[in-house]
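Trainee: I would like to go through this model with you, one question at a time.

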Amino acid sequence: MHNTVIPMLFLLSGLAWAAPPADFEAPATIAAGQKRFNQNCVYCHGNAGSGGKGAPLQGRDDLPPQYLFDTISNGKTRGALQMPPWKEAFSAQEIWELSAYIHSLRARTPAR
């Protein structure tokens, strides 16, 4: 059993675990995330998450809050596309604000 616990701990150590703030859907939280998104994410993910070099984020109801937090924190590699980890640049609160903004885009109809 000891041989399986240690590798599992190493796997889990790369994940960021933090509960979303109580005000996850508050307009002020979403607005703070939108400002940060426009300063740091729009180049790859497009205006209002419409897509570009990075994946489109509008109309996506398959991105739960914890997934957003973990992906922003730890980055992602998909083939040749890479999203850098942001956990050294932003606090957990700032990452939750970004997550709240992106989560709010789920109700937006993607631009075609």
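Trainee: How much space lies in the largest pocket?

Mentor: The model is predicted, so local features need pLDDT of at least 70 and side-chain atom pairs 80 or more, while totals for chains, interfaces and linings use all residues. Residues are numbered from 1 along each chain as its sequence is written, and side-chain values use heavy atoms, without hydrogens and water. On a 1 Å grid over the protein atoms alone, a pocket is an open set of points where a 1.4 Å probe fits, with protein on both sides within 12 Å along at least five of seven lines. Filled by probe spheres set on the points, joined across faces, edges and corners, the largest pocket holds about 650 Å³.

Trainee: Which element gives the most to the lining of the largest pocket?

Mentor: Lining residues have an atom within 4 Å of a point, and the largest pocket has 24 of them. Helices (H or I, at least four residues) and strands (E, at least two) are DSSP runs, numbered from the N terminus. With four residues, the top contributor is α4.

Trainee: At what angle do α2 and α5 pack?

Mentor: Axes are lines fitted to C-alpha atoms over the stretch in contact, and angles run from 0 to 180 degrees between N-to-C directions. Angles of 65 to 115 degrees count as roughly perpendicular, and α2 and α5 are therefore in that class. Their axes lie 7 Å apart, at an angle of about 95°.

Trainee: Where is confidence lowest?

Mentor: pLDDT is the predictor's confidence in each residue, from 0 to 100. The protein's mean is 85. The lowest mean, 45, belongs to helix α1.

Conventions:
Angles under 35 degrees count as roughly parallel, over 145 as roughly antiparallel, 65 to 115 as roughly perpendicular and the rest as oblique.
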